[in-house]
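Me: I'm new to reading protein structures. Could you take a close look at the disulfide here with me, and then walk me through the side-chain pairings elsewhere in the chain?

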Amino acid sequence: MSVPLLKIGVVLSTMAMITNWMSQTLPSLVGLNTTKLTAAQGGYPDRSIGVLPANPEESWQVYSSAQDSEGRCVCTVVAPQQTMCSRDARTKQLRQLLEKVQNMTQSIQVLDQRTQRDLQYVVKMEDQLRGLETKFRQVEENHKQNIAKQYKAIKAKMAELRPLIPVLEEYKADARLVQQFKEEVQNLTASLGLLQQEMGAYDYDDLHSRVVSLEERLRACMQKLACGTLTGISDAITIKISGSRFGSWMTDPLAPEGDTRVWYMDGYHNNRFVREYKSMADFMISENFTSHRLPHPWSGTGQVVYNGSIYFNKFQSNMIIKFDFKTSIISKSQRLDNAGYSNTYHYAWGGHSDIDLMVDEGGLWAVYATNQNAGNIVISKLHPITLQVIQTWTTNHPRRSAGESFMICGTLYVTNGYSGGTKVYYAYHTNSSTYEYIDIVLQNKYSHISMLDYNPRDRALYAWNNGHQVLYNVTLFHVIRSEQL
């Protein structure tokens, strides 16, 4: 940028020198310096009169007079300038020089205008070039940062995918196992067809044992397929809008095929009435329901219907009650030793939610907290008939910090809250007595979740969300191990 500006400065300096030279030199060239007229006649050799250039507008001027030896008058006069200048050669030269000066002045003005315009253009271009240079530098820096981010993201993704390689190998083995089942079924089907045509061709007992064996293996395979690790939760599906802010609703995971009854319990305490709807369709339009009156009010929203009975926590106690809907009597009750109750170790939203009963593929569970475990979550597997504790696991997660929780395939999943942005972020695996932090979004559509339970038959989460009964479909990651079949 400095070279163009230096050239412009040299041009302007040269123009100033030319103008100064012309102002000092032109008068001497055309004889406009001060001159003297000498009166040599009449014996006055030393007498002189200083004469300035005459004004062209003046008339004849008399500058001196004398008398010669013969008595005649001798005068020195100056004629009017306009008469004299019209014939003076220097005047012509002066006019020509003035015309040249004017031409030069005009040229200098044009040059000055162009120079100023070029200077403005150069300054503007300099700013633009500096801006471009800054932008190029930013682009270069951003490019480096983007490459670093992309590399980091790819590296993280590879770290996530690397453990899946052995899982994929397991899937290959599982696919071969399923293919073997398929071939055996086809062989048995063909054998049964031939048996119908040729009675006695096969031993019936042997054929029956093969069918029973295959059926057991298939059932075991399907049981393995039913379980898996939670990897995703769908958006909320609103089934109905009813009741207060708190409550629970559910279906029986062990109900026979075609039984779609729905149980509905409004509130979290001082209530004994359970509504039983004949079907999900009836529940949605609030028709065809029966009311069951429980012998005691329930506490919290952690009730569950399992194999025709409802299991609930008796209000203001750590008593678990099993109530049979068919007989309308208490079939079993059992205290949950050391379990907190009456808002001692509740979920974050409160509501006497100290004891939460739940069901998964493995059976009946109770989730609570004790003083012995410093108020952290305790998980107990319960016998569904005797309500005795089969096994217990202690965790390091505070019960009051949990929004809600649910069991899937022996793993307890805990949410980070009950209002606003909600996600499943903690998982405790009872099969290995280990835990991990996860990040699975749970859409909290109506801003207050007071009940969240898993139904293994529907493979769905049932939730009570601020007076809305909603469902969530879940995605499970399955791993079938052939050596366990």
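This is a predicted model: local features need pLDDT of at least 70, side-chain atom pairs count only at pLDDT 80 or more; totals for chains, interfaces and linings use all residues.

Reply: Let's begin with a definition: a disulfide is a pair of cysteine sulfur atoms within 2.5 Å.

The structure holds one disulfide. Its partners are Cys 227 and Cys 409, with an S to S distance of 2.4 Å. The torsion about the S-S bond of Cys 227 and Cys 409 is about -110°, so this disulfide is left-handed. Where do the two cysteines lie? Cys 227 is in the loop between helix H5 (204–226) and strand E5 (229–233), while Cys 409 is in the loop between strand E19 (405–408) and strand E20 (411–415). The pair therefore ties together parts that are 182 residues apart in sequence.

Are these cysteines buried or exposed? Cys 227 has a relative accessible area of 23%, so it counts as partly exposed. Cys 409 has 18%, and buried means under 20%, so Cys 409 is buried.

Now for the charged pairs. Side chains of opposite charge can pair when their charged atoms come close. Start at Arg 261, which is partly exposed at 25% relative accessibility. The side chain of Arg 261 meets that of Asp 259 in a salt bridge of 3.0 Å, N to O. Asp 259 is buried, with a relative accessible area of 16%. Arg 261 also forms a salt bridge with Glu 276, where the closest N and O atoms are 3.2 Å apart. This second pair links distant parts of the chain: Glu 276 is in strand E9 (residues 273–277), and Arg 261 is in the loop between E7 and strand E8 (262–266), 15 residues apart. Glu 276 is buried, at 6% relative accessibility. Together, Asp 259, Arg 261 and Glu 276 are linked in a network of salt bridges.

Another salt bridge joins Asp 439 and Lys 423, with the closest N and O atoms 3.7 Å apart. Asp 439 lies in strand E22 (residues 434–442) and Lys 423 in strand E21 (residues 422–429), so this pair ties together parts that are 16 residues apart in sequence. Asp 439 is exposed, with a relative accessible area of 55%, whereas Lys 423 is partly exposed at 29%.

Polar contacts give you one more kind of pairing to look for. Ser 248 lies in strand E7 (residues 247–250) and is buried, at 0% relative accessibility. The side chain of Ser 248 makes a polar contact with the side chain of Gln 303, at 2.8 Å. Ser 248 also touches other residues, including Trp 263, Tyr 264 and Trp 464.

For another example, find Asn 338 in the loop between strand E14 (329–335) and strand E15 (356–360). Asn 338 is partly exposed, with a relative accessible area of 49%. The side chain of Asn 338 makes a polar contact with the side chain of Gln 372, at 3.5 Å. Asn 338 and Asn 371 are 33 residues apart in sequence, yet 7.3 Å apart in space, C-alpha to C-alpha.

Terms used. Residues are numbered from 1 along each chain as its sequence is written. Side-chain values use heavy atoms; hydrogens and water are left out. Helices (H or I, at least four residues) and strands (E, at least two) are DSSP runs, numbered from the N terminus. Buried means under 20% relative accessible area, exposed over 50%, partly exposed in between (1.4 Å probe, protein chains only). A polar contact is a pair of N or O atoms within 3.5 Å; within protein, one must be able to donate a hydrogen and the other to accept it, and residues adjacent in sequence count only if both atoms are side-chain atoms. Contact means heavy atoms within 4.5 Å. A salt bridge is a side-chain nitrogen of Lys or Arg within 4 Å of a carboxyl oxygen of Asp or Glu. Lists of a residue's contacts leave out its neighbours within four places in sequence.
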